[in-house]
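Biologist: I am new to this structure. Could we go through it one question at a time?

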Amino acid sequence: MTQLIDGKKLSNQILQEVASEVELLKGEHDIVPTLAVVLVGEDPASQVYVRNKVKRAKEAGMGSIEHRLDAETSQNTLNELIDHLNKDPEVHGILVQLPLPSHLDEDVVIASIHPAKDVDGFHPLNVGALASGRPLLVPCTPQGCMIMLHQIHPDLSGKNVVVVGRSNIVGKPMAALLLQANCTVTIAHSRTKDIESLCRDADIVVAAVGRAEFINADWIKPGATIIDVGINAIDVDGKRKLVGDVHFESVARVAGAITPVPGGVGPMTIACLLLNTTRAARCQLA
């Protein structure tokens, strides 16, 4: 029987650990780990993500600061806000919600966040540290995926893994973490030839391509573990439905373990964001 990897349950366990660390930092050092979230514009999905992040931070006893800026905010104004947050000793983590309006340069914004407060793990120094096998602050979604994988495979050494998607946010850091766990890793993407056969040979498939129900049961080796990072809105009988990059109903009949959408990777991403914030707060004590 296929095992469902419950992201909600796992994320709650991580949030309990975060809450305990928050209490330790308060008691031992008289600091409240604080996350500053910056939202530019009124993208509906981004507003939901920010609201959930702030809610979870408060539930864990952390401090949270929201900065909501107009969609027309200039690059200079945004950079000035980030500079202020970088210098604020009471802010331990900074998250700028992506995507940004098209007139803003995301690379410039990411690079302007102090690496020690970069709880998304996107700053070039954090990316380089991860690539060289000395991770500091690790991107939240891949970090959550690794925790989920370890629930099924305590030892990932020697596993054949295909990561479908090569984004800087998920695909590339996911591959780096899997390599550190001694997996054999293939990154597949839009130019990959015969992607189906690559997936059929994999012990683990991580789907992060951003295409609704792209991967079906014919692509999956019986008993394989499937981590579905995708979250896509589709219309079913006139109603909006959230689905992953994997066709869940068919793949679940073949796989040994699979994450649901929603309720899989999503909650883990937020939990790892708060975990990163407490880690950043502790590192900033030094």
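Predicted model: local features only at pLDDT ≥ 70, side-chain atom pairs only at ≥ 80, totals over all residues.

Biologist: How far apart are the end C-alpha atoms of H2, and what span should its 16 residues have?
Modeller: At 1.5 Å a residue, the 16 residues of H2 should span 22 Å. The distance between the end C-alpha atoms agrees with that, at 23 Å.

Biologist: Which residues of H2 are buried, and what arc do they cover around the axis?
Modeller: The buried residues in H2 are Ser-46, Val-50, Lys-53, Val-54 and Ala-57. They lie on the same side of H2, because around the axis they cover an arc of only 95°.

Biologist: What covers the buried residues of H2?
Modeller: The cover includes three strands, E2 (34-40), E3 (63-69) and E4 (93-96). It also includes helix H10 (265-283).

Biologist: Is Tyr-49 buried, exposed or partly exposed?
Modeller: Tyr-49 lies in helix H2, residues 44-59. Together with Val-48, Ile-231 and Leu-242, Tyr-49 forms a nonpolar patch on the surface, with about 310 Å² of accessible area together. Buried means under 20% relative accessible area and exposed over 50%. Tyr-49 has 37%, so Tyr-49 is partly exposed.

Biologist: How far apart are the C-alpha atoms of Ile-94 and Met-268?
Modeller: Along the chain, Ile-94 and Met-268 are 174 residues apart. Their C-alpha atoms are separated by 18 Å.

Key. Residues numbered from 1 in each chain as written. Heavy atoms only, no water. Patch = residues over 30% accessible without salt bridge, like charges linked within 9 Å, V, L, I, M, F, W, Y side chains within 5 Å. Areas by Shrake-Rupley, 256 points an atom, 1.4 Å probe, with all protein chains shown as cover. Salt bridge = Lys/Arg side-chain N within 4 Å of Asp/Glu carboxyl O. Helix = DSSP H or I, 4+ residues; strand = E, 2+ residues; numbered from the N terminus. Buried < 20%, exposed > 50% of the residue type's maximum accessible area, 1.4 Å probe, protein only. Expected span 1.5 Å × (residues − 1). Arc of directions from axis to C-beta. Contact = heavy atoms within 4.5 Å.
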